[in-house]
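User: I would like to go through this model with you before I set anything up. Could you take my questions one at a time?

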There are 2 protein chains.
Amino acid sequence: MAGPHHEGPLLKRAGERAPRPPSPEVSSLTLNRLSVYLRSLRQLQASGESTISSQELARRFHLSATQIRKDLAQFGEFGIRGVGYDVALLEARLRGVLSLDREHRLIVVGVGNLGQALVRFLAVAEEGFRVVAAVDKDPAKVGRRVGGVTIRPSKELRGVVRETTPEIGVLAVPPEAAQENYDALVAAGLRAVLNFASVNLRLAPGVPTKNVDLRIHLEELAFLVRAAGG
Amino acid sequence: MAGPHHEGPLLKRAGERAPRPPSPEVSSLTLNRLSVYLRSLRQLQASGESTISSQELARRFHLSATQIRKDLAQFGEFGIRGVGYDVALLEARLRGVLSLDREHRLIVVGVGNLGQALVRFLAVAEEGFRVVAAVDKDPAKVGRRVGGVTIRPSKELRGVVRETTPEIGVLAVPPEAAQENYDALVAAGLRAVLNFASVNLRLAPGVPTKNVDLRIHLEELAFLVRAAGG
DNA sequence: AGATGTGAATGAGTTCACAGCT
DNA sequence: AGCTGTGAACTCATTCACATCT
């Protein structure tokens with residue numbers, strides 16, 4: 001899982017002109033590592049490094065050199081043999097692969113504790129993603145502004161989506177409301193969903209969905225603490 | 001790896017008297033699915049079901065029957081051939097396996113947007129886990145109460161840990177402060193860490209650590225949206 | 001010389017298919 | 001008869017080892 005359990009189908013196609021035409025499906029694991037590589041490259045860029053080998057990248061960020069090369073190989077040839085990778089170039093390429101060269105618009109559904117924190121967090125920190133709308137069922141919350149957006153009623157979801165054209169829905173409602181809100185997001189035309197509710201959603205085909213479940217992580221740690229002799 | 005990148009080592013040992021003495025290491029994937037099964041069983045219990053087969057469990061919650069049986073097999077024999085599983089019994093067993101039969105104490109480090117939401121979320125919603133302390137570097141935040149705990153200064157971490165004896169640390173500080181705070185948690189004797197900062201931590205051996213990285217999930221969805229023809 | 005990119009080998013995880021119990 | 005529990009087959013992921021290029 002990252003989000004561990006059931007997730008949306010993975011589909012093909014890589015970076016636009018990258019020499020990997022009808023490549024096979026890319027795994028979630030690989031994609032998630034690309035994000036990690038990208039983050040690491042940004043850090044290198046910030047500290048002025050211009051070139052790096054897979055080995056050095058691995059050493060500095062606790063990764064595997066072979067795996068870096070294998071992962072990158074799925075999207076093209078980005079390095080120079082005998083030299084390594086140009087930091088700025090690889091960074092740009094990975095951004096292209098992950099389609100971070102354009103902005104992704106988000107709508108947050110459910111503005112409780114978590115939803116509110118997510119709106120603020122995303123509003124501030126997350127370059128490449130922008131919260132364009134938020135809805136909540138509770139009339140008391142409607143009209144309030146959070147992190148630059150005004151909360152609208154859940155019932156108007158469809159209209160809000162038409163007006164603000166988000167492509168990714170962020171579900172932060174209580175578990176019992178998750179499925180209906182998920183279905184509503186799909187019906188409204190959202191292209192992907194990030195789900196924070198602790199439920200096994202019945203997924204719509206063609207709408208990639210990732211689950212983030214705090215409780216699952218805590219329970220894993222609870223097990224590991226005891227397994228380690230706690 | 002569900003939490004995608006580097007994570008702590010997995011260790012052995014299952015449910016106390018379960019007939020699986022020195023079982024091999026349990027994978028993160030299996031553990032995370034156990035959490036899902038447990039959640040599903042709770043729901044069945046709530047709706048009054050007393051017995052269920054792996055097949056029916058799979059059908060209702062979009063899981064795999066074989067996988068349920070294989071996962072459970074790592075910890076003992078919990079079912080009755082020809083019949084299925086006793087819902088209440090299996091629920092109790094899984095809680096035992098995951099060591100949810102006792103309370104796990106948490107300390108939250110960093111009480112910004114996310115940290116605050118986490119404290120409140122955990123304070124309210126998460127049975128089996130309890131936030132016993134929160135610390136923050138910012139003197140302006142110190143002394144304020146959030147979700148039942150009073151924020152204390154990060155500098156007093158060691159003392160706070162001695163007083164409140166948490167076993168799991170929840171890291172919700174900015175990326176640049178993550179490593180030092182992680183190290184401080186380890187030094188203070190925490191047994192596990194749930195990290196929300198976007199960094200590749202240099203992990204302490206013997207301290208299981210899970211990363212939850214919002215940005216990684218969003219980037220995966222960004223890729224998938226385009227791959228699906230967006 | 002030195003690093004990439006990659007086929008082959010290994011390992012991990014899932015699914016199949018059925019023996020064995022109730 | 002029906003469902004669990006599990007070895008065997010298979011699929012997916014990682015690592016090895018080296019041919020290839022600069």
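Analyst: The answers below concern a predicted model, and they move from chain A as a whole to selected helices and residues.

User: Let us begin with confidence. What is the mean pLDDT of chain A?

Analyst: The mean pLDDT of chain A is 90. A value of 70 or more is reached by 89% of its residues.

User: Where in chain A is the pLDDT below 50?

Analyst: That applies over residues 1-22 of chain A. In the model this stretch has 76 contacts beyond near neighbours in sequence. Where pLDDT is low, the predicted coordinates should not be read in detail.

User: Noted. How many helices and strands does chain A have?

Analyst: Chain A has 8 helices and 9 strands. It comprises 230 residues, of which 54% count as buried. Considering contacts in chain A between residues at least 6 apart in sequence, 60% join residues at least 24 apart.

User: On to helix packing. At what angle do α1 and α3 of chain A cross?

Analyst: Helix α1 (residues 28-46) and helix α3 (residues 65-73) of chain A cross at roughly 110°, and their axes come within 10 Å. The angle falls between 65 and 115 degrees, so α1(A) is roughly perpendicular to α3(A). The crossing is left-handed.

User: Which residues make that contact?

Analyst: From α1(A), the contact involves A:T30, A:R33, A:L34 and A:Y37. From α3(A), A:Q67, A:I68, A:D71 and A:L72 take part. By class, the contact of α1(A) with α3(A) consists of 4 nonpolar, 2 polar and 2 charged residues.

User: And chain B: at what angle do α2 and α3 pack there?

Analyst: In chain B, helix α2 (residues 54-61) and α3(B) pack at an angle of about 120°, with axes 8 Å apart. The two helices are therefore oblique to each other, and their crossing is right-handed.

User: Which residues are involved this time?

Analyst: B:S54, B:Q55, B:L57 and B:A58 contribute from α2(B), while B:A65, B:I68 and B:R69 contribute from α3(B). The contact of α2(B) with α3(B) has 4 nonpolar, 2 polar and 1 charged residues.

User: Staying with chain B, where is G84?

Analyst: B:G84 is in the loop between α3 (65-73) and β2 (85-86) of chain B.

User: Is B:G84 buried or exposed, and why?

Analyst: B:G84 counts as buried because its relative accessibility is 10%, and the limit for that class is under 20%. Setting aside residues up to four places away in sequence, B:G84 touches B:I52, B:S53 and B:G79. As for B:L57, which is 27 residues away along the chain, its C-alpha atom is separated from that of B:G84 by 9.9 Å.

User: Back to chain A. Where does D86 sit, and what does it touch?

Analyst: A:D86 is found in strand β2 (residues 85-86) of chain A. Apart from neighbours within four places in sequence, A:D86 is in contact with A:S50 and A:T51. At 34% relative accessibility, A:D86 counts as partly exposed.

Conventions. Residues numbered from 1 in each chain as written. Chains lettered and ligands numbered in written order. Predicted model: local features only at pLDDT ≥ 70, side-chain atom pairs only at ≥ 80, totals over all residues. Heavy atoms only, no water. Helix = DSSP H or I, 4+ residues; strand = E, 2+ residues; numbered from the N terminus. Buried < 20%, exposed > 50% of the residue type's maximum accessible area, 1.4 Å probe, protein only. Contact = heavy atoms within 4.5 Å. Axes fitted to C-alpha atoms, helices over the stretch in contact; angles between N-to-C directions. Parallel < 35°, antiparallel > 145°, perpendicular 65-115°, else oblique. Left-handed = near helix turned anticlockwise from the far one by under 90°. Nonpolar A, V, L, I, M, F, W, Y, C, P; charged D, E, K, R; others polar. pLDDT = per-residue confidence, 0-100.
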